[in-house]
Amino acid sequence: MARNIEIKARIASVEALAPKVAAIADQGPKESFYILSPTNSPETLREALSLAYGQAGRVLKRRTLYLVGRTRVHLDRVEGLGHFLELEVVLKDDEAAEAGTQVAQGLMAKLGVEAEQLVQGAYNDLLNRAARSGA
């Protein structure tokens with residue numbers, strides 16, 4: 001089974017960090033597979049899917065992806081939350097998690113991301129916390 005080491009950090013601005021990430025990126029975009037299902041009634045489709053499967057929340061984001069070695073670097077603009085950096089270090093099958101953590105920490109240092117900027121949880125969890133706290 002594929003494994004990653006993941007970190008998420010708040011950043012001041014995607015625009016400010018993008019040139020730094022682009023400077024260390026060594027690969028082009030990664031191929032992604034998806035299905036488009038055009039609809040004339042997106043709200044009705046969302047409601048039908050929510051009734052069938054439930055809805056944990058809704059996250060609206062714009063993501064830019066860079067590849068740095070074996071690490072996927074995401075620069076995200078998340079509506080209602082702000083700007084974030086995510087690092088996903090892909091581990092080899094027999095590789096210890098600590099090795100991926102070292103890679104992530106090295107990239108954080110290159111990009112000027114401090115430990116105090118790290119956040120835990122999915123964007124949906126962060127949105128729910130913000131809503132509960134009235135932020």
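The legends below accompany close-up views of a predicted model of the protein.

**View 1**
Along its principal axes, the C-alpha trace spans about 45 × 35 × 30 Å. Of the 135 residues of the protein, 30% count as buried. Among contacts between residues at least 6 apart in sequence, 63% join residues at least 24 apart. The protein exposes about 9100 Å², and carbon and sulfur atoms supply 54% of this area.

**View 2**
Strand 2 (residues 61-68) and strand 3 (residues 71-78) run antiparallel and are joined by eight bridges. Histidine 74 has glutamate 86 as its bridge partner in strand 4, while the hairpin of strand 3 and strand 4, with three residues between the strands, has glycine 80 at a positive phi near 90 degrees. Seven of the eight residues of strand 3 are buried, so this strand is largely enclosed by the rest of the structure.

In soluble globular proteins, nonpolar side chains tend to be buried together. The largest nonpolar core here has 21 residues, of which Leu17, Val21, Val73, Leu75, Leu85 and Leu87 touch the most other members. Two or more residues of this core come from each of strand 1 (3-11), helix 1 (14-24), strand 2, strand 3, strand 4 and helix 3 (97-111). For a closer look at one member, leucine 17 is in contact with Ile11, Leu75, Leu85 and Leu111, when its neighbours within four places in sequence are left aside. A second, separate core has seven residues, among them Leu81, Phe84, Leu126 and Leu127.

Side chains of opposite charge can pair when their charged atoms come close. Glutamate 86 forms a salt bridge with lysine 8, with the closest N and O atoms 3.4 Å apart. This pair links distant parts of the chain, since glutamate 86 lies in strand 4 and lysine 8 in strand 1, 78 residues apart. Glutamate 86 is buried, with a relative accessible area of 10%, and lysine 8 is buried, with a relative accessible area of 10%. Lys8, Arg63, Asp76 and Glu86 are linked in a network of salt bridges. The side chains of arginine 77 and glutamate 15 also meet in a salt bridge, at 2.8 Å from N to O, and this pair likewise links distant parts of the chain, with arginine 77 in strand 3 and glutamate 15 in helix 1, 62 residues apart. Arginine 77 is partly exposed, at a relative accessible area of 25%, and glutamate 15 is partly exposed, at 46%.

Arginine 46 forms a salt bridge with glutamate 43, the closest N and O atoms being 2.8 Å apart. Because arginine 46 and glutamate 43 are three residues apart in helix 2, they are separated by about one helical turn. Arginine 46 counts as partly exposed, at 27% relative accessibility. Leu45, Leu49 and Tyr53 make a nonpolar surface patch of about 340 Å². Tyrosine 53 lies in helix 2 (residues 42-53) and is exposed, with a relative accessible area of 71%.

Proline 38 lies in the loop between helix 1 and helix 2 and counts as exposed, at 78% relative accessibility. The C-alpha atoms of proline 38 and valine 78 are separated by 24 Å, and these residues are 40 apart along the chain. Leucine 60, in the loop between helix 2 and strand 2, is partly exposed, with a relative accessible area of 39%. Leaving aside its neighbours within four places in sequence, leucine 60 is in contact with Arg77, Val78 and Glu79. Leucine 60 and arginine 77 are 17 residues apart in sequence, and their C-alpha atoms are 8.5 Å apart in space.

How values were computed:
Residues are numbered from 1 along each chain as its sequence is written. This is a predicted model: local features need pLDDT of at least 70, side-chain atom pairs count only at pLDDT 80 or more; totals for chains, interfaces and linings use all residues. Side-chain values use heavy atoms; hydrogens and water are left out. Two strands pair if DSSP finds at least two bridges between them. Helices (H or I, at least four residues) and strands (E, at least two) are DSSP runs, numbered from the N terminus. Buried means under 20% relative accessible area, exposed over 50%, partly exposed in between (1.4 Å probe, protein chains only). A nonpolar core is a set of buried Ala, Val, Leu, Ile, Met, Phe, Trp, Tyr and Cys residues joined through side-chain atoms within 4.5 Å. Contact means heavy atoms within 4.5 Å. Patches are made of residues with over 30% relative accessible area and no salt bridge: like charges are joined within 9 Å, nonpolar side chains (Val, Leu, Ile, Met, Phe, Trp, Tyr) within 5 Å. Accessible areas come from the Shrake-Rupley method with a 1.4 Å probe; for residues, only the protein chains shown count as cover. A salt bridge is a side-chain nitrogen of Lys or Arg within 4 Å of a carboxyl oxygen of Asp or Glu.
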